[in-house]
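These are my notebook entries on a structure that I examined step by step. I set down each item that I looked up and what I found.

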Amino acid sequence: MNNKVSRLNPKNTGQATTSEFDEEVARWESETRGPYVAAHPERREEFLTQALKWPINPLYTPADLEALGFDYKEDVGFPGEYPYTRGTGPNGHRSGFWTMTQVTGFGSGQSWSKRARYMLDQGLSGLILEYDLATTNGYDSDDPMVEGEVGRAGMALDSLEDLEEAFDLPFDQLKYLMSVCNAPQPVNLAMIIAALEKKGVDPKDFVLHIVNGILIEYTCVGRYIYPPEHGLRLATDCIEYIINNHPNWAPISIISAQLQPAKANPVQEIAFSLAIACAYIDATLERGFDIDTVAPYFHFVVNVDMDFFEGICKLRAFRKCWARLMRDRYGATKPEAMKIRMMTSPTTTALTLQQPLNNIGRLAIMATACSLGGAGENMTTPLHDEAHSLPAEEAIRVGAALQHIVAHETGVAETIDPLAGSYYVESLTKQMENAAFEEMDKIFDMGGALKAIETGYFQRALGREQYERNRDIEEGRRLWVGVNHLKLDEEKREISIFRLNDDMESEQVAKVRDLRARRDQALVDSTLEQVREAARNGSNMMESCLAAVKAYATHGEICYAMRDVFGEYGSDSQLGGI
Amino acid sequence: MDVAKELLSGTILAGARAIRWLDDGDPRGARTLAEIFPHTGNAHIIGITGPPGAGKSTLVNALISEQRRRGRRVGVIAIDPSSPFTGGAILGDRVRMGKHTLDPDVFIRSIGTRGQAGGLARSTHDACLILDAMGYDLVLVETVGVGQDEIDVVALAHTTVIVGVPGLGDEIQAVKAGLMEAGDLFVINKADRDGYEDTYRQFELMLHLRAESKALSSDDWSPPLLRAVAVKDEGIAEIVDAIDQHKAMLQNTGEFGLRSAQREREQALTLTCTEIMRSIRQSADPAILSAVEKREIDPYSASQLLIKNWQEGRGT
Amino acid sequence: MSNAHQRPLRILLAKLGMDTHTVGITIIAHALREAGMEVIFTGLKQTPEMVAAAAIQEDVDVVGISTLSAGHTRNLPKLARLLREAGAGDKLLLAGGVIPEEDRPLLEEAGVDRTFTMGSDTRDIVAYLNEWWVQQLAADA
Ligand code: B12
Ligand SMILES: Nc1nc2c(ncn2[C@@H]2O[C@H](COP(=O)(O)OP(=O)(O)OP(=O)(O)O)[C@@H](O)[C@H]2O)c(=O)[nH]1
Ligand SMILES: [Mg+2]
């Protein structure tokens, strides 16, 4: 495809036109604002958006929109209609709120189940399950590579038995589960399917959402095992399997909300995320699906930072860019293919270690921004103890309440896309869209997302942002309460934090060893061989993974079987761009 | 710890410390070197050079594996540029060699250029001697990413491997001018990338021109052109074969010892020049210099005066 | 320090275990380079054994670990022990990242010389290291 995506939309010329408004603005500037500013100098030399550092004008008027070639019908349109800037649903949140979710994961399957019940009781209806780093990196709990990390950053998962314990849950209350286990995704998907079967849960009554986002792992998260090309193949296997077998489930998410904490700016977020989506789409299309079938399965998690308008406009631009990309690059024709599926979230990185109660204020503002930006089907909130440790129960309660406060008390969800038509919001949205398509062209020109990962392009770009944005804080261009502004001399932690029981690791190690001693080893060996064989011959990995999982082969063993074929991706992934 | 004695018996802590002293210009370094020098001259010094990002470190990583497979103990000196403004550096080459960190028969050392031009650090030669004395069979020296005239490594190494990559475009001209005349072995890495064939043909042509040239060609050795995909360990055994052949040729022709001898001789001269330069700068009469600044006397005449003063100062 | 230029501080920066939070270590690496230090980076997913071996081969003065995924109570003490056992216990051992107050005594006892957490200004970290280095150079002279 040699068409530049940034050129596909003929309206998108970016050419300036003059308008009668220019004259009016000039008059106001010289008669009214100018003299005032002369007497009251502005409080800073330049006003810039927080991440993109784009200049912010003192005033936005129709002239700004005209200069951008803004066209209401083309650029904004109506809710539920192309280009979906005003939302993919036709009625905003007037028919129903977004699903309120939170992330959870620590310790053993048992402790997870207890925590999950507590969360459902706080009014949450969806859960995001995070695993520990042993699991997501494809090791069992007794592997020397992960000594000291078992259950620390998420739930430990060694075998189907652990999931059976974790799923001791009221499935009538839990309607939505997102599972974050990217590199070993087929193993994880197989385990969940097997566990649901054992629990007698009808897969049609429940939405399993696997993130399956291996390409972001290479870009900025780090939980990878195999080289990128094999990672992409495994992800595609899972997508294919779900489309064919569980069409009501969600087989893939692109978590832009991981690019952002790695300091991608909004334009990079949109461009990198969509370029990454294209890599999965292209791989899935190669399996014989058509774009109108595939596109509706794609899902994005997008967060907002403290710059209120940058965040809101990013959400709006994301919807629009996806629609345009699907229509113009892939020739999608069905509306469903052009409607982005989205979960939104306040960002974690705005939350400080210092004076953690201030974070509740930040979270409320960002959750409001999410809602004003359209919220998506789901919203998840990090918690005010974010910078200290995994969430404590009290923080979970406050976070759950917070979503309800935004939903029920503020009125921001009572009309659809209330900020549409704001000269500032529409200008920024359109500028982001234009810049994102330009950046996407750059990535497509270098051969797409996989190439951008292999050559370290993404990683280096993020590294630069990390360094620059930290300088903004250290040099005082950005004030951050508690960090470089209104600092306390003597910081005394205002909250109590979560602590993991120290014996957890040895208990988990004993458990997996015990399992290995009592299962049918011959069956395990033969199913592991099936896994290797499937890895080698290129057939879909799901069938062999299901067989292995059901034979109680451990998560780590299955991951090692694939290592035998795919090899390992080294420590030199260029993550961080150092 | 008797550093010299310990390093001769292969103690890593001691070798690492000696290199540090030499790198820092600590006098203990020179003393240690004097003690260990009689035990050097055995290691095969192999330079790996090429433009920035060509995959030198990745290639070194693969070469270590292959050399280890052949039972040899491997030392590595990996040089990265120091900032000319702050003197600081981020030395990241070993990131690509991580899998050898725990191999007791591999020693990897990162060194910053610390203001030295030419693609090497001032202490590179010394560090090679230390590794040589520690009993490493070969030392792989990875230069900084270089342009056309940063080829000091040629004078240091017995065997110089030039690494090229597809898609260098105009940079190939730079490679041609300097590096093409210098290499003993040419490797086009990233052969999995688009443009490999073009690059191969360009290199072939240049090697052909080199073979035609009387001044540059030799009867004993015609530099082979090899392909590699360092990230996938492809073509690595062939490179090590060629390196071994080059070494055998050097040994058969007596060139091996000759190159080492020449290197030490040059090093002696370099050290002398550096020392004299330092000494002249230190003793230079500020009055003469300020006279030049005020244009009262020209730089040539000033230089004559400064040398004369320095020599007399020495005499007294 | 005219001497400091000739003899820059060498520091190894590393990530232990599967913790791949890289923002902090990237920022620190650049800040230290800009302060004239030689920063050696090992790459990700290192074991304490690998970091100890690299620190010795590189003869660094300081080993700096960035740890955010809660593995610090096990892997930092292990690293400190390995360095001591290898005769390299004199290196300054620093840690930064997500390290709750509750864990500091344990780490200090194990041999971690200083910890930094979110919001630490890199200029303070540089100042701390420079001060330490000047003392070292003075003691050495
Ligand atoms: C950004 C972030 C991410 C990004 C990371 C992107 C990247 N490439 O780095 C993403 C979204 C990918 C991510 C993923 C995960 N994260 Co995270 N993440 C964070 C977050 C919000 C901020 C970290 C950060 O970048 N801070 C900014 C930098 C500049 O600060 P810093 O690293 O602390 O560095 C400063 C100082 O500490 C110090 N410093 C740091 N290192 C060093 C080293 C030396 C030598 C010195 C002198 C100083 C020093 O100087 C720096 C400058 O001030 C934290 C929460 C928090 N606020 O800390 C959670 C957090 C660290 N993450 C957490 C978890 C669990 C994860 C996951 C492991 C989840 C999972 N189950 O898989 C994943 C996987 C990551 C992995 N494999 O390790 C938990 C860890 C829990 C714990 N420790 O108890 C935290 C605390 C959030 C939480 N409350 O749950 N994360
Ligand atoms: N496609 C491909 N990429 C490679 C190959 N060899 C190395 N690379 C990649 O090229 C990039 C640079 O590799 P390095 O080994 O760091 O290159 P270098 O020449 O040592 O770089 P400097 O030391 O910075 O000059 C990395 O992303 C490697 O993964 C190869 O054979 N094929
Ligand atoms: Mg290199």
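**Entry 1: two helices of chain A**

Are H7(A) and H9(A) roughly parallel or roughly antiparallel to each other? I note at the outset that the model is a predicted one. I began with the general rule that a pair of packed helices is described by the angle between the axes and the distance between them. I looked up helix H7 (residues 185-199) and helix H9 (residues 228-245) of chain A, and found that their axes come within 8 Å and cross at roughly 30°. An angle under 35 degrees counts as roughly parallel, and H7(A) and H9(A) are therefore roughly parallel to each other.

I then listed the residues that meet. H7(A) brings Gln185(A), Pro186(A), Leu189(A) and Ile193(A), while H9(A) brings Leu234(A), Cys238(A), Tyr241(A) and Ile242(A).

**Entry 2: two helices of chain B**

I next turned to helix H2 (residues 12-24) and helix H5 (residues 124-133) of chain B. They pack at an angle of about 160°, and their axes are 9 Å apart. The crossing in which H2(B) passes H5(B) is right-handed.

On the side of H2(B), the contact is made by Gly15(B), Ala18(B), Ile19(B) and Leu22(B); on the side of H5(B), by Asp126(B), Ala127(B), Ile130(B) and Leu131(B). I sorted the contact of H2(B) with H5(B) into 6 nonpolar, 1 polar and 1 charged residues.

**Entry 3: a further pair in chain A**

At what angle do the axes of H8(A) and H11(A) cross? I found roughly 145° for H8(A) and helix H11 (residues 266-285) of chain A, with the axes coming within 10 Å. H8(A) passes H11(A) in a right-handed crossing. From H8(A), the residues Ile214(A), Leu215(A), Ile216(A) and Thr219(A) meet Ile276(A), Ala279(A) and Tyr280(A) of H11(A). The residues of this contact divide into 6 nonpolar, 1 polar and no charged.

**Entry 4: ligand 1**

Which residues are closest to ligand 1? I counted 41 residues around ligand 1, and the closest are Arg223(A), Glu386(A), Ser389(A), His21(C) and Ser120(C). The surrounding residues come from chains A and C, so the site is shared between chains.

A nitrogen atom of ligand 1 is 2.7 Å from a polar backbone atom of Ala153(A). On chain C, a backbone N or O atom of Thr22(C) lies 2.7 Å from an oxygen atom of ligand 1, and a polar backbone atom of Ser120(C) is 2.6 Å from an oxygen atom of ligand 1. The elements that give two or more residues to the shell are helix H8 (214-221) of chain A and, in chain C, helix H2 (23-34), strand E3 (62-67), strand E4 (92-97) and strand E5 (114-117). H2(C) gives the most, with 4 residues. By class, the shell around ligand 1 holds 21 nonpolar, 16 polar and 4 charged residues.

**Entry 5: ligand 2**

I repeated the search for ligand 2. There are 21 residues around ligand 2, and Gln574(A), Ser57(B), Thr58(B), Arg96(B) and Lys190(B) come nearest. Residues from chains A and B surround ligand 2, so this site too is shared between chains.

For Gly55(B), a polar backbone atom is 2.9 Å from an oxygen atom of ligand 2. For Lys56(B), an N or O atom in the side chain is 2.8 Å from an oxygen atom of ligand 2. For Asp93(B), a polar side-chain atom lies 3.1 Å from an oxygen atom of ligand 2.

**Entry 6: backbone details**

I ended with the backbone, keeping in mind that most residues other than glycine have a negative phi and that most peptide bonds are trans. Tyr82(A) and Pro83(A) are joined by a cis peptide bond, with omega about 0°. Pro83(A) is found in the loop between helix H3 (72-76) and strand E1 (99-104) of chain A.

Asn212(A) is not a glycine, yet has a positive phi of about 55°. I located Asn212(A) in the loop between strand E4 (207-210) and H8 of chain A.

Conventions. Residues are numbered from 1 along each chain as its sequence is written. Chains are lettered from A and ligands numbered from 1 in the order in which they are written. This is a predicted model: local features need pLDDT of at least 70, side-chain atom pairs count only at pLDDT 80 or more; totals for chains, interfaces and linings use all residues. Side-chain values use heavy atoms; hydrogens and water are left out. A residue is near a molecule or strand if one of its heavy atoms lies within 4 Å of it. A polar contact is a pair of N or O atoms within 3.5 Å; within protein, one must be able to donate a hydrogen and the other to accept it, and residues adjacent in sequence count only if both atoms are side-chain atoms. Ala, Val, Leu, Ile, Met, Phe, Trp, Tyr, Cys and Pro count as nonpolar, Asp, Glu, Lys and Arg as charged, and the others, Gly among them, as polar. Axes are lines fitted to C-alpha atoms, for helices over the stretch in contact, and angles run from 0 to 180 degrees between N-to-C directions. Angles under 35 degrees count as roughly parallel, over 145 as roughly antiparallel, 65 to 115 as roughly perpendicular and the rest as oblique. Contact means heavy atoms within 4.5 Å. A crossing is left-handed if the near helix is turned anticlockwise from the far one by less than a right angle, and right-handed if clockwise.
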